[in-house]
Amino acid sequence: MGSLSLGRRTRLWKLLERISQMREQLLATAVAHAKAEIQLHKTNVDVYLHNPAGIGEHSDIMETIQIELDKMASAHDRLEMLETYFND
C-alpha cells in the first residue's frame with residue numbers, strides 16, 4: 001500500500017470496513033434465522049405433545065414429531081457450524 005495515495009488508501013480502508021460489516025450482518029442474520037427455526041419447530045413439538053387432538057390431519061403423531069425434531073436438528077447443526085467455523 002506504500003504506492004497508493006492517501007485518498008486511495010482511505011477509500012480502500014472504507015471498502016474493507018464495509019465488507020467486514022456486511023460479513024458480520026450476514027452471519028448475525030444466519031444465526032438469528034437458525035435460532036428462530038429451532039424455536040418454531042420446538043413450539044410445534046410442544047403443541048403436539050400437549051394438544052394431540054389439535055393435530056387433526058396428522059394421524060401418526062410420532063412421525064410428525066420426528067419430522068419436527070429432524071428440522072430442529074438441521075437448524076441446530078447450522079447454528080453449530082456458524083459458531084464453530086465463522087465466529088472469529
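The model is predicted, so local features are taken only at pLDDT of at least 70 and side-chain atom pairs only at pLDDT 80 or more, while totals for chains, interfaces and linings use all residues. Residues are numbered from 1 along each chain as its sequence is written, and side-chain values use heavy atoms, with hydrogens and water left out.

Start with helix α1, which covers residues 6–50; helices here are DSSP runs of H or I, at least four residues, and strands would be E runs of at least two, numbered from the N terminus. At 1.5 Å a residue, the 45 residues of α1 should span 66 Å, and the end C-alpha atoms sit 65 Å apart, which agrees. The expected span is 1.5 Å times one less than the number of residues. Helix α2 takes up residues 61–85, and its 25 residues reach 36 Å from first C-alpha to last, close to the expected 36 Å.

Now for how the helices meet. Buried means under 20% relative accessible area, exposed over 50%, and partly exposed in between, using a 1.4 Å probe and protein chains only. In α1 the buried set is Leu27, Ala34, Glu37, Ile38, His41, Val45 and Tyr48, and these residues pack against α2. Tyr48 comes in at a relative accessible area of 13%, so it counts as buried. Its C-alpha atom is 8.4 Å from that of Thr64, 16 residues away along the chain.

Three salt bridges turn up in a search of the whole structure, a salt bridge being a side-chain nitrogen of Lys or Arg within 4 Å of a carboxyl oxygen of Asp or Glu. One of them joins Glu37 and Arg78, with the closest N and O atoms 2.9 Å apart. This pair ties together distant parts of the chain, with Glu37 in α1 and Arg78 in α2, 41 residues apart. Arg78 is partly exposed, at 34% relative accessibility. Lys42 and Asp46 make another, at 3.2 Å from N to O. These two are four residues apart in α1, so about one helical turn separates them. Lys42 is partly exposed at 38%, and so is Asp46 at 29%. Arg23 and Glu24 also pair up, with 3.1 Å between the closest N and O atoms; Glu24 is partly exposed at 45%, as is Arg23 at 30%.

Finally, Trp13, Leu15, Leu16 and Ile19 make a nonpolar surface patch of about 400 Å². Patches are built from residues with over 30% relative accessible area and no salt bridge, joining like charges within 9 Å and nonpolar side chains (Val, Leu, Ile, Met, Phe, Trp, Tyr) within 5 Å. Areas come from the Shrake-Rupley method with a 1.4 Å probe, and for residues only the protein chains shown count as cover. Trp13, which sits in α1, counts as exposed at 52% relative accessibility.

Key: Contact = heavy atoms within 4.5 Å.
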